[in-house]
Amino acid sequence: MKKLIDNGAIVVTSHQKASGKDWTLMEKLFLGLPFSQYIGQALRNPLNWFFAVVLAVGLPIILGRFIFGLSWVTHSSNDYPWGLFLGFGLFGMVPLSSSGFQLGTACEVFGRHDLEPIERLGLLNGLLGYFFAVIFLLCDLGQPWRLPYPMVLAYGPAAVLFLVAWHVATYLSVQIAEVSVSFFEWIGFPIGIKAIRKITLGMTVSGIILSTLHQGALGALFTYAPGKVHPLWYSSSFQWIHFFVSSIPGGLCMVITVSTIAKKTMAWRFDKRFVDSLDRITISLAKGSSMGLATYLTIKLISIAHDNKWGYFLTGYGQWYLVEIMIGVIVPMALFAYAIRRKQMGIIRLSAFMVVIGIFLNRLNTAYITFNWKLSYREIPHWREVVICVTVYCIYIMVYRFILYRLPIFYQWQAQEELATEHVTESAAHKHAPAHDNRDKSTVLGLTPEYVTESKSTSL
Amino acid sequence: MKRRDFLKGCLIGGAAATLGTTSKSWAVGSFEGYPDSMGVLVDTTRCIGCRSCEAACNKEQKLPEPDVPFDDTSVFEEKRRTTEKAYTVVNRYEATDGKKAPFRKMQCNHCNEPACLTSCFVNAYTKTKEGAVIYDGKICVGCRTCMVACPFNIPAYSYSSAFAPVVKKCIFCYHTRLKFGKPPACVEICPREALTFGLRRDLIKMGNERIKETPDKYFDHIYGEKELGGTSWLYLSSVPAEKIGLDETVGNEPIISNVKEFLGMVPMVLTIWPALFSGIHLLATRNKDHGDHDNHSAQEDGKK
């Protein structure tokens with residue numbers, strides 16, 4: 001894509017092409033490239049070939065899971081009813097998706113408009129994380145087609161999972177509404193944008209409530225199994241607080257990580273506003289994560305002290321616990337403290353990635369690795385279970401990338417009126433060099449209209 | 001943002017939150033069990049590991065043919081657990097102090113306040129007044145939280161079924177026997193009278209009498225009388241319960257007690273959060289409303 005832009009391809013940032021004509025939906029889908037070029041850039045990307053291989057193996061296995069049942073893809077363990085699908089997919093992905101409510105809250109409720117350039121990434125990250133957590137859940141449920149039952153048919157209101165189901169369902173709809181603004185801008189549906197904007201504050205506040213409750217509820221789910229979750233990962237009083245508090249740095253660091261990857265792989269999609277503010281915002285997010293991590297570590301220690309569990313540190317599980325805390329909390333905290341002061345972005349981004357891994361590991365530990373610590377055997381997942389997890393995760397990345405390439409997440413959508421004047425002068429200047437033909441002759445057009453004006457002045 | 005918009009926003013937020021969380025708050029009171037709950041007293045000192053209870057259960061519940069025939073004692077070489085094909089299994093435990101190796105029958109203990117029941121988000125479980133914990137497969141979604149929650153690792157799942165997998169566990173022969181006041185199949189067949197069926201409160205008395213009469217024979221404890229809020233199935237043994245694979249660290253509180261702290265917090269969040277965060281919004285944007293934010297929204301409105 002970068003090469004194409006260097007060769008003069010125009011990035012879609014508004015409804016109109018440089019020539020003044022509207023982009024059609026198909027053109028927008030193909031990123032404003034002619035079909036052959038679009039396919040060409042897709043084929044040149046080695047990541048796509050990797051995805052193709054994964055899907056070729058994984059999709060038939062996912063299909064097989066629904067035809068031959070769970071026993072075909074898992075070890076059908078009665079002792080480890082929740083395998084990788086939930087431990088990896090659901091419990092791992094949800095805390096990393098708390099970014100939606102946090103950035104929503106920061107921007108809309110706390111009035112932190114300086115974080116606005118990344119708000120949409122936070123919202124999208126939240127939406128996709130939840131959505132794919134639900135996909136993982138559908139893979140895991142014995143009878144997934146009955147998932148709406150707790151909403152419509154049979155209520156078990158004393159169950160924590162009932163709360164999770166309702167909250168995730170409601171919150172997913174809230175997030176779809178929040179992200180739909182970008183989509184409406186992209187397809188050109190101003191009424192929708194207006195309608196959503198009116199209820200933004202309400203949605204954001206309900207987002208905070210729903211997130212607090214179900215991030216906590218996922219932790220509270222494990223209070224049903226006090227004898228099975230290892231004492232170091234279990235706390236009857238603090239479990240939900242652990243899950244909720246750790247989701248805060250988890251979500252923020254996930255946004256840092258995603259923006260870092262995007263910076264490396266799709267910088268062409270950034271507009272000037274995003275490029276200029278990314279480092280500053282990353283530091284703000286890192287500061288937020290540091291505070292979250294400090295709180296998390298304190299509560300972790302309190303819970304160990306509360307139940308006097310220090311003795312477990314001498315066991316193998318204790319060392320594993322320390323590894324998790326070192327990777328996910330202590331080392332990143334130290335690195336953050338060092339790097340934020342010196343504005344060393346590389347270190348900040350690295351430690352954000354460590355937090356993501358650490359929080360993920362915490363959920364996997366609680367739900368799977370140290371679960372049933374009293375039993376004499378550990379469950380090793382079936383290879384098909386692993387393949388399904390990898391496949392769903394790859395689809396998650398593909399969908400994520402698909403949306404980032406197109407919707408105004410990293411850039412601001414340009415309204416027609418603003419551009420109109422520019423186009424007039426522009427088309428006058430490049431009368432014989434419309435967007436797609438005569439590529440070699442046309443002047444290099446920048447990423448966004450901000451650049452357009454700049455490049456215009458140089459070319460003139 | 002105008003004040004009217006703000007108020008509107010608050011209303012919608014509140015409404016969304018209420019919609020999303022219907023009456024979570026009716027907290028679970030403590031429940032000591034139905035007064036006329038039936039139960040079974042398992043006297044493990046009498047059990048000889050003949051496995052006839054396993055066979056009777058298999059027949060009564062119309063379960064599939066077992067992998068190993070019921071007269072094969074090689075199964076005792078390892079510890080088994082309940083599965084979708086066997087609602088009850090007998091295990092042999094290590095002998096202590098020169099006594100012969102004890103056996104223990106394992107099945108659902110039919111808790112007074114079952115963890116499976118309280119963890120089920122579609123209410124598939126019912127604790128009947130006769131004491132049985134039964135299960136409605138027609139509404140089970142298959143989340144298997146009950147299996148995670150069960151402190152005795154009893155419920156099994158019919159993973160092999162692709163289109164109608166359900167939880168499988170002992171139901172106290174509720175539909176065929178208990179409902180009509182009859183003892184479950186395993187109790188009826190036991191040749192050693194190791195299993196005694198009766199009112200739970202009578203069984204506790206009976207257990208205590210046996211311990212009193214022959215204190216040398218029994219360890220002075222009825223497992224299940226108080227554990228996890230009490231269970232309908234009770235165990236007598238010559239050795240401490242942990243020696244026959246019964247977890248003594250479970251405590252006397254039902255599982256739901258661990259969860260109550262979280263459930264109690266839910267209504268607080270529901271009511272306090274909207275006011276708290278709306279208030280913060282007011283404070284945070286009070287001075288900026290006519291500057292920063294308006295510019296921003298004007299800019300965005302301009303885009304349409």
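Let's start inside chain A: A:Phe88, A:Phe131, A:Phe132, A:Phe136, A:Phe360, A:Tyr393, A:Tyr396 and A:Tyr400 come together as one aromatic cluster. Keep in mind that what you are looking at is a predicted model.

Aromatic rings turn up well beyond that group. Over all chains, the count comes to 42 aromatic pairs. One of them is A:Trp240 with B:Phe262, a tilted pair whose ring centres sit 6.0 Å apart, with 55° between the planes. This pair joins two chains, because A:Trp240 belongs to helix α13 (residues 239-265) of chain A while B:Phe262 belongs to helix α7 (residues 256-285) of chain B.

Are these two partners buried or exposed? The cut-off for buried is under 20% relative accessible area. A:Trp240 has 15% relative accessibility, so A:Trp240 counts as buried. B:Phe262 comes in at 2%, so that residue is buried too. Here are the two values side by side:

| Residue | Relative accessible area |
|---|---|
| A:Trp240 | 15% |
| B:Phe262 | 2% |

Now for the interface as a whole. On the chain A side, 78 residues are in contact with 79 residues of chain B. Why quote an area as well? Because the size of an interface is often given as the accessible area lost when the parts come together. For chain A and chain B, the buried area is about 6,800 Å², and carbon and sulfur atoms give 62% of that.

Between chain A and chain B, 27 residue pairs are in polar contact, with both residues at pLDDT 80 or more. The rule also finds 3 salt bridges across the interface. In a salt bridge between A:Asp140 and B:Arg144, the side chains meet at 3.0 Å, N to O.

Which helix gives the most to the side of chain A that touches chain B? That would be helix α12 (residues 200-220) of chain A, with 11 residues. As for what that side of chain A is made of, its residues split into 45 nonpolar, 22 polar and 11 charged.

Of the 304 residues in chain B, 52% count as buried. Among contacts in chain B with a separation of 6 or more, 60% come from residues 24 or more positions apart.

How values were computed. Residues are numbered from 1 along each chain as its sequence is written. Chains are lettered from A and ligands numbered from 1 in the order in which they are written. This is a predicted model: local features need pLDDT of at least 70, side-chain atom pairs count only at pLDDT 80 or more; totals for chains, interfaces and linings use all residues. Side-chain values use heavy atoms; hydrogens and water are left out. Contact means heavy atoms within 4.5 Å. Buried area is the accessible area (1.4 Å probe) that two parts lose on being put together, summed over both. A salt bridge is a side-chain nitrogen of Lys or Arg within 4 Å of a carboxyl oxygen of Asp or Glu. A polar contact is a pair of N or O atoms within 3.5 Å; within protein, one must be able to donate a hydrogen and the other to accept it, and residues adjacent in sequence count only if both atoms are side-chain atoms. Helices (H or I, at least four residues) and strands (E, at least two) are DSSP runs, numbered from the N terminus. Ala, Val, Leu, Ile, Met, Phe, Trp, Tyr, Cys and Pro count as nonpolar, Asp, Glu, Lys and Arg as charged, and the others, Gly among them, as polar. Rings of Phe, Tyr and Trp (its six-membered ring) pair if their centres lie within 6.5 Å; planes under 30 degrees apart count as stacked, over 60 as edge-to-face and the rest as tilted. Buried means under 20% relative accessible area, exposed over 50%, partly exposed in between (1.4 Å probe, protein chains only).
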